[in-house]
Amino acid sequence: MDQLTTLESTLLNNLFEKYPALKSHLSYLKVKDREITKTGMTVNLEYTNAEEELHFEEINALFSAGENIEIKSLKQGLSYVIDITDGQIIYIELTTYGENWNGQIGDYKIIKD
């Protein structure tokens, strides 16, 4: 299992601003895997040792703060969405605007709309 990247942690912190009850989940989240396609990446998450410690709120949402993630290798950057199902953070999906992408982030800048 991999650790969350800086970008992934930043996006989750944006989520916690809207859903503060989910902030306690962060220390239990690990990356199950990262699936890279030609135009995006899905970061699948899983919980470790959370069953006894966490209470899962009845939250079902696809979250995006309407931000654009600028990276050097993409002309138009990335959009993202975070899936929350039955109070659990399931995945983070990063998507280009139709450009081919190898999944490498490097330096990034988050631009608020």
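These are my notebook entries on one predicted protein model.

**Overall layout**

I began with the secondary structure. I counted one helix and seven strands in the protein chain. Read from the N terminus, the order is α-β-β-β-β-β-β-β. I then looked up the radius of gyration, which is 14 Å. The globule rule gives 13 Å for 113 residues, so the chain is as compact as a globular protein of that length. Along the principal axes, the C-alpha atoms fill a box of roughly 45 × 30 × 20 Å.

Next came burial and surface. Of the 113 residues, 42% are buried. The chain exposes about 6600 Å². Carbon and sulfur atoms supply 45% of that area. I also checked contact range. Among contacts with a separation of 6 or more, 60% join residues 24 or more positions apart.

**Helix H1**

I took the helix next. H1 covers residues 6-18, which makes 13 residues. From first C-alpha to last it reaches 19 Å, close to the 18 Å expected at 1.5 Å a residue. Which residues of H1 are buried? I listed Leu7, Glu8, Leu11, Leu12, Asn14, Leu15 and Phe16.

Asn14 got its own check. It sits in helix H1. Its relative accessible area is 10%, so I logged Asn14 as buried, the cut-off being under 20%. Setting aside neighbours within four places in sequence, I found Asn14 in contact with Phe63, Glu67, Tyr80 and Lys112.

**The nonpolar core**

I searched for the largest nonpolar core and found 32 residues in it. Those with the most contacts inside it are Leu12, Leu15, Ile82, Ile89 and Leu94. Which elements give two or more residues to this core? They are H1, S1 (29-36), S2, S3 (61-63), S4 (68-71), S5 (78-85) and S6 (88-96). H1 gives the most, with five residues.

**Thr42 in strand S2**

I moved on to Thr42. It lies in strand S2, residues 40-47. Is Thr42 buried or exposed? I read a relative accessible area of 18%. The cut-off for buried is under 20%, so Thr42 counts as buried.

I then asked what Thr42 touches beyond its neighbours within four places in sequence. The contacts are Asp33, Arg34, Glu35, Tyr91, Ile92 and Glu93. I also looked up one C-alpha distance. Thr42 and Val81 are 39 residues apart along the chain, and their C-alpha atoms are separated by 9.6 Å.

**The aromatic pair**

Last, I searched the whole structure for aromatic pairs and found one. The rings belong to Tyr47 and Phe56, with centres 5.4 Å apart. Their planes stand at 85 degrees, so I noted the pair as edge-to-face. The cut-off for that label is over 60 degrees.

I compared burial for both partners. Tyr47 is buried, with a relative accessible area of 14%. Phe56 has 23% relative accessibility and counts as partly exposed.

How values were computed:
Residues numbered from 1 in each chain as written. Predicted model: local features only at pLDDT ≥ 70, side-chain atom pairs only at ≥ 80, totals over all residues. Heavy atoms only, no water. Helix = DSSP H or I, 4+ residues; strand = E, 2+ residues; numbered from the N terminus. Buried < 20%, exposed > 50% of the residue type's maximum accessible area, 1.4 Å probe, protein only. Contact = heavy atoms within 4.5 Å. Expected span 1.5 Å × (residues − 1). Core = buried A, V, L, I, M, F, W, Y, C linked by side-chain atoms within 4.5 Å. Rg over C-alpha atoms; globule rule 2.2 N^0.38 Å. Areas by Shrake-Rupley, 256 points an atom, 1.4 Å probe, with all protein chains shown as cover. Phe/Tyr/Trp six-rings, centres within 6.5 Å; stacked < 30°, edge-to-face > 60°.
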